[in-house]
Amino acid sequence: MIQGLNNKQKEAVLNTEGPLLILAGAGSGKTRVITNRIAYLIQDKHVDPKHILAITFTNKAAEEMRERVQQQVGMDAGGAWISTFHSCCVRILRMYSHLIGYDNNFSIYDADDQKTVVKNICKKLEIDTKRFKEKWFIGQISSAKDELISPEQFEMNAGSDYYLKKVASVYTEYQKELKKNNAFDFDDLICKTIELFKVEPEILERFQDRFRYISVDEYQDTNTAQFKLVSMLAKKYQNICVVGDDDQSIYKFRGANIGNILNFEKVFPDAKVIRLEQNYRSTKTILDAANAVISNNTQRKEKILWTENEQGTKIRWVFADNAAMEAERVVSIIKDFLKDGYNLNDCACLYRTNSQSRALEEAFIRANMPYKVVGGVNFYQRKEIKDALAYLKTIDNGKDDVSVRRIINTPKRNIGAASVNAIQSFANDRQINFYSALDMGVDEGVFGKAGEKLRSFRNLIEDLKAEAEEVSLKELVDDVLLKSGYLADLQAENTVESQTRIENIEELINKVVLYEDTAAEPTLGGFLEEVSLVADIDSWDSADDYVSLITVHSAKGLEFPNVFLCGMEDGLFPMSAAINSEDPTDLEEERRLAYVAITRAKKNLIISGARWRMIQGETMTSIKSRFVKEIPPLLIEEDRNNTFVPKRNEFETTRPSAGKDFFSAKPYAASADKKQFEVKNGGALDYAVGDMVHHMKFGDGCVLSIDQGGRDYEVTVDFGGEYGVKKMFASFAKLKKL
DNA sequence: CTCCTTTGTCTTTTT
DNA sequence: GACAAAGGAG
């Protein structure tokens, strides 16, 4: 069990009794320690697997850990709970949520559902959603829940503050609404489990006795509520092991509380602390760079990560002219790696924001190189999938108003807002759920002309409900799509888009089949639950050969021989919001994110950026990220194939909001359109000094001068009036001669 | 009631 | 530029 572990790691594995805090630096083998620890408990200490609870950050990590434990122990560790906080809580709530006033077949609401609920509440409370965004309320409510603040407490804390009072009223309504719909949001899963434990101490004790050995991975990213939950569970036996690295805390925005690392020793006073500081993953160069960057943070536990690995190659810095060319360069470097014997899945492109994947994707498609975008628009967030799931949720949980309202007119049944409002007010009058109101109202004939349409919808749902008891899940889903007319509608549309939607639905059916084949006791509720808790990263599979395109957040916990860190420009990474924030810890969080990104690399790290980039439809110019500048120059070299156009930096001054519309034209695509680019710039412009020209934004103006600047022309135009004299690049301004 | 056009917002990051 | 939400015409 402890072979091949270093002394510190051994110590961490063998210390099974009592509270233990493991501070594990990046690449220090913490996953290995946790799995070995669990295996050691089962095999050497003869602990029954059912007494073990291991919390991981993603389902993927849980699955992997389960496999590795099984491999080591050579037996089924099935009795052990290895899961995420959320799945763990769902499991508990499915058994006992009736004790806190919910049905055990509750729905789980995602961000979209939350927004729908809040939107309705705002309408009811006459809150202007232009001034107060639904998202803002959801954020406030979520942070409150992360800190275990109830609506009542929130109201009290709000005092006479106008804004907080508004939030309090929405929060109160929101909780009422969710309860009425028999639904939990993600935060509720944690909070309501805690509530259950508080209300029913004997249930808590049952779980305390069950989970005598608890471990929590990625401890730095737990929030207050999650910490409270594990503390409660571990209170009786005190065998709790948490593993984390404060330098990799990147979820502050989600309520993660670094204080948990400090608090741990307060809540568990005899906690032992073990530091894992030897890195087995990266070359010296990469590790030195990571250490240099993170040392600029003031808010951290000082630690020294070291490695016995070789020095390795220098980090490469690529600064391309625009995002397309950056992507081209990434692709060509990957081709070089392939020549060196690497596979595609040895390579990953990491970026700060999901929107950056597009430029890379285009380059990969052009190069005919297999790639996979991890994350982006989650499969389960697609319209067609959400629609299908809303049908299933309606069948499973008739109280789920959000789902019923979603599908009542999808596909089109000529049931409009008027009918929906009529049902809602009927429901309000009788204090019943939306669907019950629909059901009763139809029978009592209170909906007038719309009655027949509503009746056939009601009959459809009742029909499917009855069927759900009889047939397999797959048959049920098939029939939902068939009898609702949803599939027929898509087929009739017959567009490329509707075709992809059908394919996605087929994919969903595959997942249903897979679930039915693998689950011990497949149920509709079980399927819906599995589906609502998937993370982006869960779909990632290291076995297939493709390049991974992934956000830095999602890449946490992964490692690749060759890492491309793309879009390293000031304003993008770190984001300008963090740069301009009054709170200096925002920038530190960005730096930790950069640290996470750098430490994903084992052998080669390529950092790239683009001088010009389209952001929200506007082209911006940027400079090298401050984080790249924090890497000692000795460790980094300029990419040889860099194209450098010095003149362009002059335009930085025109950048932020003042020069908003300055480069309002389409960026040219990279090599595919290169010819076009050269013609446009090498060839003569069709206007000259003194000509009148037209600009999309500024209107008509007179050309004052044309200068050769870098590889483009700089044109100065006097537009007169409010815009005055503007300087711009010919290829971007798209001026038309009048 | 639906469809089409226009307008506005958005990009941090996710269980 | 992309997408959702709101507004207006049929």
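Modeller: In this predicted model, Ala, Val, Leu, Ile, Met, Phe, Trp, Tyr, Cys and Pro count as nonpolar, Asp, Glu, Lys and Arg as charged, and the others, Gly among them, as polar.

Colleague: How do the residues of the surface near DNA strand B divide into nonpolar, polar and charged?

Modeller: DNA strand B is surrounded by 27 residues, and the closest are Lys 135, Arg 254, Arg 352, Gly 416 and Ala 535. Sorted by class, the residues of this surface are eight nonpolar, twelve polar and seven charged.

Colleague: Which residue has a side-chain N or O atom 3.1 Å from a phosphate oxygen of DNA strand B?

Modeller: The side chain of Arg 254 has an N or O atom 3.4 Å from a sugar or linking oxygen of DNA strand B. The side-chain atom at 3.1 Å from a phosphate oxygen belongs to Asn 409.

Colleague: Which helix gives the largest share of the surface near DNA strand B?

Modeller: Two elements give two or more residues to this surface, namely helix H18 (417–430) and helix H25 (552–555). The largest share is three residues, and these come from H18.

Colleague: Is Leu 454 buried or exposed?

Modeller: Leu 454 lies in helix H20, which spans residues 451–470. Beyond four places away in sequence, Leu 454 touches Ile 408, Ile 415, Ile 423, Leu 438, Val 442 and Phe 447. Because its relative accessibility is 0%, Leu 454 counts as buried.

Colleague: How far apart in space are Leu 454 and Asn 409, C-alpha to C-alpha?

Modeller: Asn 409 has a side-chain N or O atom 3.1 Å from a phosphate oxygen of DNA strand B. In sequence, Leu 454 and Asn 409 are 45 residues apart, while in space their C-alpha atoms are separated by 9.8 Å.

Colleague: Which strands are the edge strands of the open sheet of six strands?

Modeller: The order of this sheet is E3-E2-E6-E7-E1-E8, with parallel pairing. An edge strand pairs on one side only, and the two that do so are strand E3 (81–84) and strand E8 (272–276).

Note on methods
Residues numbered from 1 in each chain as written. Chains lettered and ligands numbered in written order. Predicted model: local features only at pLDDT ≥ 70, side-chain atom pairs only at ≥ 80, totals over all residues. Heavy atoms only, no water. Near = heavy atom within 4 Å. Polar contact = N/O pair within 3.5 Å; in protein donor to acceptor, adjacent residues only side chain to side chain. Helix = DSSP H or I, 4+ residues; strand = E, 2+ residues; numbered from the N terminus. Pairing = 2+ DSSP bridges. Buried < 20%, exposed > 50% of the residue type's maximum accessible area, 1.4 Å probe, protein only. Contact = heavy atoms within 4.5 Å.
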